[in-house]
Amino acid sequence: MSLAMILFFIGLIGAFLSGMLGIGGAIVNYPMLLYIPVLIGVGAFTPQEVSAITMLQVLFSSLTASFAYKKSNFINKNLIIIMGSSIIIGGLLGGFGSKYLTGDMINMTYGVLATLAAILMFIPRPVQEEHEPELRYHRILAAISAFIVGVVSGIVGAGGAFILIPIMLFFLKIPLRTTIASSLVIVFLSSIGGTVGKVMSRSILFWPTFWTVIGSLAGAPLGAKVGKKMKAKSLQYVLAILILGTAIKIWLDII
């Protein structure tokens with residue numbers, strides 16, 4: 001199997017999970033891009049190259065999945081405006097401030113937040129299946145939490161969805177399907193700044209990124225379609241397991 005096909009399927013799998021669960025896909029795609037081509041023997045990428053490819057994949061997969069949810073009425077525009085603007089500002093500050101932190105400090109920050117997110121996802125709570133026309137939530141808390149997630153995302157170089165989703169579910173009390181659909185748009189907004197930075201730094205490999213993005217464009221609508229049909233409780237369990245796995249991997253890397 002060629003490198004192009006491997007990258008296509010990696011992009012497809014990451015985007016499928018992105019559309020289904022409302023994550024950007026970096027959690028899945030980063031380790032897959034880093035290890036699978038090497039294991040199969042079709043190529044190898046540096047962490048910097050993987051980071052650039054993943055950033056572009058998150059941008060396109062979150063955008064494509066957002067369009068798939070557009071007609072579902074689960075995307076809340078006011079929520080996106082409040083949290084999206086905050087996460088962009090936080091991401092810019094975090095990206096700039098990361099140069100003042102050591103690698104261990106960045107990894108520790110990521111590990112602590114991933115662990116907290118995993119714990120929150122396993123706390124039992126009533127899951128709302130139906131869409132609420134009039135969404136009620138604490139707007140100041142939404143803006144502050146999105147800003148903090150943006151800062152952390154800028155520091156560690158991730159989309160931040162695996163932190164954002166538990167916050168939206170457990171602190172803002174937003175229904176799961178609204179959280180998944182709206183978080184995709186918020187993640188798309190947060191990835192714009194990162195993509196601009198990667199383009200300016202000229203760290204993007206054109207053809208590997210091309211094939212990964214093509215796979216993303218195919219996988220995101222499929223994931224969104226499956227996500228809309230799954231029970232909310234099942235979606236929550238899949239999210240929880242994925243976030244827990246990420247937290248464990250981070251701590252193993254730190255140790």
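The following legends describe close-up views of a predicted model.

In this predicted model, local features need pLDDT of at least 70 and side-chain atom pairs count only at pLDDT 80 or more, whereas totals for chains, interfaces and linings use all residues. Residues are numbered from 1 along each chain as its sequence is written, and side-chain values use heavy atoms, with hydrogens and water left out.

**Figure 1. Overview of the helical chain.** The chain holds 10 helices and 0 strands; helices (H or I, at least four residues) and strands (E, at least two) are DSSP runs, numbered from the N terminus. Along the sequence the pattern reads α-α-α-α-α-α-α-α-α-α. Of the 255 residues, 49% count as buried, a term that denotes under 20% relative accessible area (1.4 Å probe, protein chains only). Among contacts (heavy atoms within 4.5 Å) between residues at least 6 apart in sequence, 85% join residues at least 24 apart.

**Figure 2. Packing of helix H1 against helix H3.** Helix H1 (residues 3–21) and helix H3 (residues 47–68) pack at an angle of about 45 degrees, with their axes 9 Å apart. Axes are lines fitted to C-alpha atoms, for helices over the stretch in contact, and angles run from 0 to 180 degrees between N-to-C directions. H1 and H3 are therefore oblique to each other; angles under 35 degrees count as roughly parallel, over 145 as roughly antiparallel, 65 to 115 as roughly perpendicular and the rest as oblique. H1 passes H3 in a right-handed crossing, for which the near helix is turned clockwise from the far one by less than a right angle. Gly11, Gly14, Ala15, Ser18 and Gly19 of H1 meet Gln57, Ser61, Ser62 and Ala65 of H3. The residues of this contact divide into 2 nonpolar, 7 polar and no charged, where Ala, Val, Leu, Ile, Met, Phe, Trp, Tyr, Cys and Pro count as nonpolar, Asp, Glu, Lys and Arg as charged, and the others, Gly among them, as polar.

Figure 3. H3 and helix H9 (residues 206–229) pack at an angle of about 35 degrees, with their axes 8 Å apart, and H3 passes H9 in a right-handed crossing. Contributors from H3 include Ile53, Leu56 and Phe60, and those from H9 include Val213, Leu217 and Lys228. By class, the contact of H3 with H9 has 11 nonpolar, 6 polar and 1 charged residues. H1 and H9 also pack at an angle of about 35 degrees, with axes 5 Å apart, and their crossing is right-handed. The contact of H1 with H9 comprises 15 nonpolar, 8 polar and no charged residues.

Figure 4. Ser145 lies in helix H6 (residues 139–156) and is buried, with a relative accessible area of 9%. A polar atom of the Ser145 side chain lies 2.8 Å from the backbone oxygen of Leu141. The backbone oxygen of Ala142 lies 3.0 Å from a polar atom of that side chain. Not counting residues up to four places away in sequence, Ser145 touches Met83 and Ile167.

**Figure 5. Helix H7 and the residue Ile243.** In helix H7 (residues 161–170), 10 of the 10 residues are buried, so H7 is largely enclosed by the rest of the structure. Among these buried residues are Phe162, Pro166 and Ile167. Ile243 is found in helix H10 (residues 232–254) and is buried, with a relative accessible area of 2%. Ile243 and Phe162 are 81 residues apart in sequence and 6.3 Å apart in space, C-alpha to C-alpha.

Key: Buried < 20%, exposed > 50% of the residue type's maximum accessible area, 1.4 Å probe, protein only. Polar contact = N/O pair within 3.5 Å; in protein donor to acceptor, adjacent residues only side chain to side chain.
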